[in-house]
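Hi,

Here is the structure I promised to pass on. Have a look at it first, and then read on for what I found.

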Amino acid sequence: MSKKTPSSTKDEHVEAITWDKAEKVKMVPNPQPVEEVYMDGVAGIMARGGVIKINGYKVVGLDKDDNAEVRRVTHQIVLPAVALAELAHGVQMVLKGADNVRKMEDPAVTTVNDNKTK
């Protein structure tokens, strides 16, 4: 399945991955800047009532007594459950790209997509 990246100058059709099929989707340019939120990591993922909630945290310090990183949940992303397949597909594509970069840098590296060491 070929993927197209939405263009800022014209509308394009892309294929969206869903749980049970690929469907035709039209992505249009956003006239406003896309909101970007930084989080240091994911504190948890919950599923209930047809929605997925992803809690993101920021590191706020170090507890020297316990020698522990101190984290605070700062954002919650809420998605319909059907969007989980799109999210998983996107993460898989990023991991596959990272594996390819690691292989180019060091061919002896064992990666997520390659269970044998060369």
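Ile45 sits in strand β3, in a model that is predicted. Is Ile45 buried or exposed? Its relative accessibility comes to 58%, and because the cut-off for exposed is over 50%, Ile45 counts as exposed.

Once neighbours within four places in sequence are set aside, Ile45 is in contact with Ile52, Lys53 and Ile54. Of these residues, Ile54 belongs to β4 and stands opposite Ile45.

Now for the strands themselves. β3 and β4, the latter covering residues 51–63, form an antiparallel pair with seven bridges. They are part of an open sheet of three strands, ordered β3-β4-β5 and paired in the antiparallel sense. β3 (41–48) and β5 (68–80) are the edge strands: each has a single partner strand, so one side of each is left without a neighbour in the sheet. From one strand to the next, the twist averages 20 degrees.

Last, the helix. Which strands does helix α1 lie across? The helix, made up of residues 83–105, lies across β4 and β5, and its direction is at about 125 degrees to that of β5.

I hope this helps you find your way around the model.

Best wishes

Terms used
Residues are numbered from 1 along each chain as its sequence is written. This is a predicted model: local features need pLDDT of at least 70, side-chain atom pairs count only at pLDDT 80 or more; totals for chains, interfaces and linings use all residues. Side-chain values use heavy atoms; hydrogens and water are left out. Two strands pair if DSSP finds at least two bridges between them. Helices (H or I, at least four residues) and strands (E, at least two) are DSSP runs, numbered from the N terminus. Axes are lines fitted to C-alpha atoms, for helices over the stretch in contact, and angles run from 0 to 180 degrees between N-to-C directions. Contact means heavy atoms within 4.5 Å. Buried means under 20% relative accessible area, exposed over 50%, partly exposed in between (1.4 Å probe, protein chains only).
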